[in-house]
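I opened the notebook for a first pass through this model.

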Amino acid sequence: MSRGNGESTIPLADLVRTHRNRAGLTQQELARKAGISVAALRDLEQGRHSRPRPGSVSALAEALGLDSSQAAELAFSSASPVRPAARPAAPARIEHDPPPQEPVRQPRPGRPQQGLWLGVLGPLETSLDGRPLNLGPPSRCALLGLLALEPGSVVRRGTIMEVLWGQSAPSTAPSLIQAHVSRLRKLLVPDGNGTKVIASAVGGYRLQVRPEQLDLLTFRALVAKADAAHAAGDDHRACDLYEQALRLWRGDPLADLEVLHNQPCVAMYRRELSDVLVRSAEIACGLGLHDRVLPRLHALAAAEPLNERVHARLMIALAGSGQQAAALHIYEDLRSRLDREFAIYPGEELTSAHLRVLRQDIPRARLAYEPPALVPAVPRQLPASARYFTGRDRERGLLSGLLGEDAPEAGKVAVAALTGMAGIGKTALAISWAHEVADRFPGGQLFADLRGFSSSGPPVDPAEVLSGFLTALGVPPSETHADTARLAALYRSTLAGRRMLIVLDNARDAEQVRPLLPGSPGCLVLVTSRHRLIGLAAGNGAHLVTVPGLTDEESHRLLARALGAERVAADPGAAGELIALCARLPLALCNATAYAAAHPDLPLGALVAEMRDEPGRLDALETGEPATSIRAAFSLSQAKLSDTAAKLFPLLGLHPGPDFSVPAVAALCGSGWPQAQAALDDLCDVHLLTGHAPGRYACHDLVRVYAAEAAERSLGVADRRAAVYRLLDYYLHSASSVSALLFPHLAQQTLDEPRPGVVPESIGDAQQAVQWALDERPTLRAAIELAVKGSYYPHAWQLSRAAAWFFNSEEHWENLSGPQ
């Protein structure tokens, strides 16, 4: 299959199967990660279905962890029609037809199309006659990588054992190594002269390959030819050869094999690359080809901020391309750093470069030789949209409004942040909307899960995200090693002039997001977080959009899509109660519908009956997977709380009312009002609570159930009852004060002093008394019920007496509150 320019396209079935095998995934695992059926994936790999939907292709690329070029190759193969070679019309039975001709594959630059090829200048690559090889388990790959790092040298068995297993090598390690070597020999195929690629030696093994079979040896051969061409005075040829050599580098040596990262030769090869880059830059600048070497020099200077030789080359290239001010800034920055950190002066090479820039003693860029233009990479990293996503018209409208207000034409970088509680559907909304507007950003889309609240690992370092983004944008991986500040500067430079959509999912806080913001117009950044991100709004002008629960209509629509309209319509009462029990939380609704869909014969009423029992409600919504577990989602938010807020959170599960005030919470935890206020603010920051009215707070129904479970787990019976007694003391004494103020003619109760840590409401006048009673009326009723059911005496009857007048008719309340 041809792309029309002579470049061959690998069949989609082969590509998917090869990438899946390299990722070590089964068909079931890949299908689950990509959100497609196993049957669809099986048809794809067997060639029965060669034109999948673009969304499925994007989901597969994301699930396989492909880089931008690999994802583009996958997308192109999926869009290329399969045209077998012309042949006579086939009879009805085709089992006797000759097999179709194997498509011709276009090799990568430097990689032979015939024979064995090993690549270590980047992730491990192995192919035979252009076909990637599946080496098997990671330990076997690491063994081959270790041998390939030192071709021709004996690697001792003890070294292999230490690398593969450290100090925990099993007793069977020698036989395991021998088995791996035997399998690798069969895979790599003996050389034509009968010599094995992996040869046994005394006490170890040796890799025996020719220079054209290993990219490291090919790189060194090309560099040697370039050095010879330079020595012979043919600098143009030397530049070409250096360029061919440098293109063999795909990233850090064996970047995918973590056990080999600390091998001494890995660091040695990095230094070798640095030396070649500097030599090639020196020759290119001598020819006036400054622009050709600037990108690699910028990246190398960022990776080696104290390397004076590299900075000297960068200064000369900048000045030669007409950027004299930038060259002088490079010198001043490094001179200041050397003085500040080491109290030393720049060396001779850097000082000489500085003088050359000042004297303008640098040849200007020439047009006699133009390198081939590089086409900027266009990443398409958005994951697939949620299958049953529905509604959110208000929030989508707010986001779309930003395109009109802060469009690239307006000269701004638009930043929007979707915030809300765990499971509220922030990510689903962000991805769905991003797909809708993707065509307005021709520069592509970048996506990163920042793991701010995640069970899969700690929050991602911004430098790691920047490195991945720069690679996706076409910057060679070998040039993306630097500190966060320098990577962020390179990232902003790379994005300059592009119109891109950047989705930063699950952010921990504003500090994690800031280095990932572009610096020039043309981009829109969409952030999701459980944190309120007020600092991002204050410091970076982010538009904050709080995502609420679904409406009843949206919830019914979600049920109908997931379970079928007929099943929902068959028992509308149960469907409505299911929505209420899930409190319109999208994650809870999805978990409930997934359970119902897996049990098609189970009436919705039976599921609802199981969820009516509050202590068991979260059990009914449990999936057993951290990514979709309600409990796991809430626990990740709880883990981010301050110590004071973490102590308060389980106590909130003991509060009986629909909402609560700061004084009530202070009594519940036995602290002062300022401490209670600070803890409530922390809980609001991660959306475990919401401040729905001045001074009053509430939590989602399922959060309240989870908090009650946390109280059962973390607090003893005595501690729980002591907290409830303090809470009832607060309501009893406050209600008595209100009653005495509004009805002084009524006989008042004689009460014991409130418990330590309880400060009743201070009621100043009748208007304040009436407002307090109106605010607390539902809670007082719930508190009386709690006192009765929990045998909290004498609060049960004292609170009933003190608040009896609170529950008179509405007409009485209108007469009471009217004159105030």
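Entry 1: I began with β2 and strand β3 (residues 131-132), which run antiparallel and are joined by 2 bridges. The model is a predicted one, and I read it as such. I looked up the partner of Leu128 and found Arg131 in β3. The hairpin of β2 and β3 has 2 residues between the strands. In that hairpin, Asp129 takes a positive phi near 55°.

I then stepped back to strand β1 (residues 116-119). It runs antiparallel to strand β2 (residues 125-128), with 4 bridges between the two. Gly119 faces Glu125 of β2. Here the hairpin has 5 residues between its strands, and Gly122 takes a positive phi near 140°.

**Entry 2: the open sheet.** Next I traced a sheet of 5 strands. I noted its order as β8-β9-β10-β7-β11, with parallel pairing, and the sheet is open. Which strands stand at the edges? They are β8 (445-449) and β11 (543-546). Each has a single partner strand, so one side of each is left without a neighbour in the sheet.

Strand β7 (residues 414-419) and strand β10 (residues 523-529) share 6 bridges in the parallel sense. Thr419 sits opposite Ser529 of β10.

Two helices lie across this sheet's strands. I found helix α17 (residues 426-437) across β7, β8, β9 (500-507) and β10. Its direction is at about 165° to β10. Helix α18 (residues 462-472) lies across β8 and β9, and runs at about 155° to β8.

**Entry 3: a helix pair.** I moved on to helix α29 (residues 643-652) and helix α32 (residues 701-714). Their axes come within 6 Å and cross at roughly 105°. An angle of 65 to 115 degrees counts as roughly perpendicular, so α29 is roughly perpendicular to α32. I listed the contact residues. From α29 they are Phe649, Pro650 and Leu652. From α32 they are Val703, Tyr706, Ala707, Ala710, Ala711 and Ser714. I sorted the residues of this contact by type: 8 are nonpolar, 1 is polar and none is charged.

**Entry 4: the cores.** I asked which residues have the most contacts inside the largest nonpolar core. They are Leu524, Phe634, Leu683, Leu689, Trp772 and Phe806, in a core of 114 residues. Helix α33 (residues 717-742) gives the most to this core, with 11 residues.

**Entry 5: two buried residues.** I picked Leu260, in the loop between α10 (235-247) and α11 (264-286). Is Leu260 buried or exposed? It is buried, because its relative accessibility is 1%. Leu146 is 114 residues apart from Leu260 in sequence, yet the two are 7.1 Å apart in space, C-alpha to C-alpha. Leaving out residues up to four places away in sequence, Leu260 touches Ala142, Gly145, Leu146, Val163, Leu254 and Val266.

Ser280 was my other pick, and its place is in helix α11. Ser280 counts as buried too, at 9% relative accessibility. With residues up to four places away in sequence again left out, Ser280 touches Tyr242, Leu246 and Val293.

**Entry 6: backbone spots.** I looked up a cis peptide bond and found one joining Tyr793 and Pro794, with omega about 5°. Pro794 is in the loop between α34 (766-789) and α35 (795-802).

Leu533 has a positive phi of about 55° although it is not a glycine. Leu533 is placed in the loop between β10 and α21 (534-540). At 1% relative accessibility, Leu533 counts as buried. Arg584 is not a glycine either, and its phi is positive at about 60°. I located Arg584 in the loop between α24 (572-581) and α25 (586-598). How accessible is Arg584? Its relative accessible area is 35%, so Arg584 is partly exposed.

Key: Residues numbered from 1 in each chain as written. Predicted model: local features only at pLDDT ≥ 70, side-chain atom pairs only at ≥ 80, totals over all residues. Heavy atoms only, no water. Pairing = 2+ DSSP bridges. Contact = heavy atoms within 4.5 Å. Axes fitted to C-alpha atoms, helices over the stretch in contact; angles between N-to-C directions. Core = buried A, V, L, I, M, F, W, Y, C linked by side-chain atoms within 4.5 Å. Buried < 20%, exposed > 50% of the residue type's maximum accessible area, 1.4 Å probe, protein only. Parallel < 35°, antiparallel > 145°, perpendicular 65-115°, else oblique. Nonpolar A, V, L, I, M, F, W, Y, C, P; charged D, E, K, R; others polar.
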